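Me: I would like to learn how to read the features of a model like this one. Could we go through it together?

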Amino acid sequence: MAEDFINQVKQAISQGVSTLSQGVSELNSTVAGRLEMTKLQIQADALNRQMLEQMEKLGRTVYEGWQDNALDGPAVRAQCETLRGLESQKTALEEQIARLRAGRKDKNPDQPVCAACGEPLQPGARFCHACGKEVERT
Ligand SMILES: [Zn+2]
């Protein structure tokens, strides 16, 4: 009798532990996904800044060349190519971000997601819990 009871308790505990660890691993994958997204967005922001700096450099080269009436064709071309390299990196990053967002939507097609960051929204939420953007009501 007592042994039965102990076995039942043991079973209940091990079920509880496995439910808990399942919950933790789901939480971990959500957190990992969110971290991945944040990392990609930081990289995209950095690339954006690099592109702006590069455009400024290019503009200066063109403008100074124009002023001296001696436009430096090879320098302008080299800077344009650098810019194009940055742009294609940015495009690749944006595609990666879009895929991540799409993957989340696939998991739960009925759940609305934030228009700004793609995070699934809590039912009835007025603001996105991830980025704070106000939820647009449709
Ligand atoms: Zn958001």
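Me: Which domains does the domain assignment of the protein give?

Reply: Domain bounds here come from an automatic or database domain assignment. For this protein the assignment gives domain 1 (18-107) and domain 2 (111-138). The C-alpha centres of domain 1 and domain 2 lie 24 Å apart. Please keep in mind that this is a predicted model, where local features need pLDDT of at least 70, side-chain atom pairs count only at pLDDT 80 or more, and totals for chains, interfaces and linings use all residues. Residues are numbered from 1 along each chain as its sequence is written.

Me: How many helices and strands does the protein have?

Reply: Helices (H or I, at least four residues) and strands (E, at least two) are DSSP runs, numbered from the N terminus. The protein has 2 helices and 0 strands. Its radius of gyration is 26 Å, well over the 14 Å that the globule rule gives for 138 residues, so the protein is more spread out than a compact globule. That radius is taken over C-alpha atoms, and the globule rule is 2.2 Å times the number of residues to the power 0.38. Along the principal axes, the C-alpha atoms fill a box of roughly 100 × 35 × 20 Å.

Me: How many residues does α1 have, and what does it reach from its first C-alpha to its last?

Reply: The expected span of a helix is 1.5 Å times one less than its number of residues. α1 has 66 residues and reaches 96 Å, close to the expected 98 Å.

Me: Of the residues of α1, what is the number buried?

Reply: A residue is buried if 20 or more other C-beta atoms, placed from the backbone, lie within 10 Å of its own, exposed if 12 or fewer, and partly exposed in between. In α1 the number buried is 0, so this helix lies largely in the open. Aspartate 45 counts as exposed because it has 11 C-beta neighbours inside 10 Å. Across the protein, buried residues make up 1% of the 138 residues.

Me: Where does asparagine 69 lie, and is its phi positive or negative?

Reply: Most residues other than glycine have a negative phi. Asparagine 69 has a positive phi of about 55° although it is not a glycine. This residue lies in the loop between α1 (2-67) and α2 (73-107). Asparagine 69 is exposed, with 6 other C-beta atoms within 10 Å.
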